[in-house]
Amino acid sequence: MALQVTKKCLVYSTLGAILAAAVIATVLVLVLRDDEEIMKNYAIDNTGLVIQLQEQPDHRYVLALLRDGIPIQRITFDHDFTDDSEVESIPRGLQLIGSGQTITIKEIETSPNFSLISITRTLRKGQIISDVVHFNPGGERELQWYGGPEQMEQHYPVQKLRFEDYAYVPKELHSAAIVERYWLNSAGVFVYVEKEVPLFIDQDEETLRLTAKKEIPYYSYDESFEFNYRIGVAKDAREGHLKAVEKVLNKPVGIPDERMVRHPIWSTWVRYRRPISQQTILDFASEINGYGFKNAQLDIDDYWENCYGSLIFNPITFPNITELTEQLKEMGFRVTLWIHPFINKNCQPWYTEALSKGFLVKSHNETIGYNTKWWNSGENEASYINFNNPGAREWFRQRLQELRDEGIDSFKFDAGETSWAPEDPDVDGQKALLPTSMTTNFVRMCAEFGPMIEIRTGFTTQDLPVFVRMLDLDTRWGMNNGLQSLIPTLLQMNLNGYPFVLPDMIGGNVYGDDILTKELFIRWLQANTFMPSMQFSKTPWDIDIESVEISKRYVNLHEDYSDYILQRMRLAVAEGIPVNPPIWWLDPEDEIAQTIGDEYLLGEDILVAPVLTEFATTRNVYLPKGTWRDGNTNQVYEGGRWLYSYAAPMDTLPYFVKTSFQMRR
C-alpha cells in the first residue's frame, strides 16, 4: 500500500478494498519524521476507509476521511497547537495533545459497511474551541448536506443556510423548534454533536463551524465542560441516516393516533382567532358536517380560558363545557384543546399558587427574576412553568386531567422552546443539559396524554409516538416561511428523526396583510395530500364552491392512501425509515436527486411534485430510479429522467406511483 503523508500525519487505513481474505487488518502509521515510523495492527472491517490526521503549516490539524482514495469528509481543529504538540497512539485511535487540550480520536465501532468515530475533549470554563466541518472536502464530486435546524426560511440542501454565532438550542427565533445536532452528507458521512455540548454554529457556503463555549443560553457556571461528537461513515446517505437513527437519533416507539392520519383536523385558529365561544364551536362543527367533510377532531384554539394559565374555561363564553363536548361527540367529533406553558401574572390565584410552590422558571439574574413575555402578554407580564420540576409537571398534568374529565379528548400543545423561559434559567436537572432539558421535559410530559396529542418542538425526543407540528407558516408563496418552505421543512424533520410530521394549517396562518387566494389555498392543499396528516382552519367554503369540490377530491385521495401512510409509520417504528423521505432515498448515488427540495416521497412507492409557484400551470418533474405510473394519466415512465413542462392546471397535483405498488389494507 502506498501512503502519502505530511509531517506528523496519522493514517488509519482499511485494507479491505485490497485484501479479500477472511482476516482483515488495518495499519496505523504515525509519521514523526519523514523516515521514522511507529506501526500497529488492528482487526477491522473492509470498508476501504482511510482516516488521516494531518498537521498544517499554521500548526492546525485536519482530520480527513477518504474512501477508496476519494475525500468524503474533512474537519479542521481550528486551534493553534504550537510546535510542542504531540500525537500519541492509543488502542483503536490516537490522542492529539497540546495547547491546553487533549483531543481523543477513536474508532468506537466497525462493521462491514460502517465505522463510528468519536472526537472527545474536556475544556476549561474560559476556553472557546471550534472545529470546522468542510462541506466539500475535495475531489471531483460536490457533496450535499441534510439535517440541521428547522428554520423559517428552510433551504434544502442545508448548506444553503447561513448562521453567525448561533446558539444551537430549540428557540422561537427563526422557527428553530427542531434543532437536533445532526448533519448528514451525500457521501454517507454524518456528524452528531452530543447533547451536553454548549454548542454554537457559524455557517457559510463552504463550512459549518462547531464552537463549544460556556455562554448564555447555556448553563455557564461549571469550571469544565465537554466538547464531544461522533462521526459515522456508511456506504451512502441512506445507510448513513439509518445508522444515525440506530446509533444517535433513536426510533419512535409507536405511531400517532390513526384517525388523525385518515381524516382532517379542524382548528378554530385562523378562521376565528380570539376570542371564541361555545356557540362558535358548534356553528363550526355544523358547517364541517354540512359540507360533507369527515374529521379527526375539532381543536378549540386560543382563547378559551378565563385568563391565560388558569386551564379553566371562561364561564361566560363557555357556560357548559360538558354539554358542548357531548353535543360535539353526537355530531361525530372528538374535541381537542389548545394548551400553552405560560401563566400571566394577572391570572389569579393560579399565578400566586405556582409562584409560592416554586413551579415557575427563575433566572439567575435577579433583575429578570421570573419574568418572561410571550405572544399573549406584555413585557414582564408572564412566567414560564418549570417542567424540570417534577412537582410542577404533576400540578400541570392534574389540571389537564380535570379538563379531560369534562369531555376533552386530547390537547394541542404550543410553545415549549427554550427561549420562552427567562434568560439564564435557574432550574433543576443536569446542568450540562440546560436549557434544552426544559424542552425535553415539557414534551415528554405532553406525550403522557397519548398518541392523539400534537406538539411543535422537541429535543432528543424522536422516540415519542406523537405528531410534531411544523411551526406557523405564513400565507405566501415563497421560501420566506411560505408554501415553498413546506417540503424542505418536511424533509428536514424526517431527516432529524421525526417522521410523524403534522403540516401547519392548509393555506398558512393569514397573519397581518397576508391574503389567502384560491390558487394558494388549492396548491397548499395539494402539497399536503401525501403528508401524514391534513389540517384545516381556513375552510374550503371560505373560498368558493369549486374549492370545496377540489378539497374533497384531495381529502379523499389522502384517505385512500392512509393505510399506506400507517404502514410506513409502523416501518419507521420498526426500522427508523422516514415516512416522507427525500427522493434520493431511492437512489443515494443520483446526484440530481440529491439536490431536489420541491418533491418528496411517501414511503418508497409514491413520488409527489406539487406546483409551488404562483400562476404556474406546468412544472418540471424529476423521476428517480424505478418504473412510475402517472397518478393522473396512468402513463408509465422509466425513472432517472426529467419530465419537462408537466401539465398541472390548478386542480391537478402531479404525483406518480411505482408500477410494482399494491395497496394493502
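Let's start with a charge over a ring: Arg-273 lies over the face of Trp-269, at 4.9 Å from the ring centre. There is another case to look at, where Lys-213 lies over the face of Phe-200, and here the distance to the ring centre is 4.6 Å. Please keep in mind as we go that this is a predicted model.

Staying with rings for a moment, how many aromatic pairs does the count come to? It comes to 48. Let me show you one of them, Trp-266 with Phe-284, which is edge-to-face, with 6.4 Å from centre to centre and 85° between the planes. Trp-266 belongs to strand S21, residues 265-267, while Phe-284 belongs to helix H4, residues 278-290, so the pair links distant parts of the chain, 18 residues apart. Are these two residues buried or exposed? Trp-266 and Phe-284 are both buried.

Now compare that with Phe-413 and Phe-449. Their ring centres are 6.4 Å apart and their planes stand at 40°, so this pair is tilted. Phe-413 sits in strand S27, residues 410-413, and Phe-449 sits in the loop between helix H8 and strand S29, so the pair ties together parts that are 36 residues apart in sequence. Phe-413 counts as buried because its relative accessibility is 1%, and Phe-449 counts as buried too, at 7%.

Ring pairs link a cluster whose members include Trp-266, Phe-284, Tyr-272 and Trp-541. Tyr-291, Phe-293, Phe-521 and Phe-536 are also in that cluster.

Let's follow Trp-266 into its strand. S21 and S22 run parallel and are joined by three bridges, and in S22 the bridge partner of Trp-266 is Leu-298. On its other pairing, S22 runs parallel to strand S23, residues 335-339, again with three bridges. There, Ile-300 stands opposite Leu-337. Strand S22 itself, residues 297-300, is covered on both faces: Gln-297 and Asp-299 are buried on one side, Leu-298 and Ile-300 on the other.

Ten of its twelve residues are buried, so H8 is largely enclosed by the rest of the structure. Among the buried ones are Met-438, Phe-442, Val-443 and Cys-446. What covers them? The cover includes helix H7 (390-405), S27, strand S28 (425-426) and S29. The length of H8 works out as well: at 1.5 Å a residue its twelve residues should span 16 Å, and the end C-alpha atoms are 17 Å apart, which agrees.

Last, have a look at the eight-stranded sheet. It is open and antiparallel, and its order is S7-S8-S9-S10-S20-S16-S15-S13.

Finally, helix H1, residues 237-249, lies across S9, S10, S15, S16 and S20, and runs at about 160° to S15.

Definitions and conventions
Residues are numbered from 1 along each chain as its sequence is written. This is a predicted model: local features need pLDDT of at least 70, side-chain atom pairs count only at pLDDT 80 or more; totals for chains, interfaces and linings use all residues. Side-chain values use heavy atoms; hydrogens and water are left out. Two strands pair if DSSP finds at least two bridges between them. Helices (H or I, at least four residues) and strands (E, at least two) are DSSP runs, numbered from the N terminus. Contact means heavy atoms within 4.5 Å. Axes are lines fitted to C-alpha atoms, for helices over the stretch in contact, and angles run from 0 to 180 degrees between N-to-C directions. Rings of Phe, Tyr and Trp (its six-membered ring) pair if their centres lie within 6.5 Å; planes under 30 degrees apart count as stacked, over 60 as edge-to-face and the rest as tilted. Buried means under 20% relative accessible area, exposed over 50%, partly exposed in between (1.4 Å probe, protein chains only). A charge sits over a ring if NZ of Lys or CZ of Arg is within 6 Å of the ring centre and within 35 degrees of the ring normal. The expected span of a helix is 1.5 Å times one less than its number of residues.
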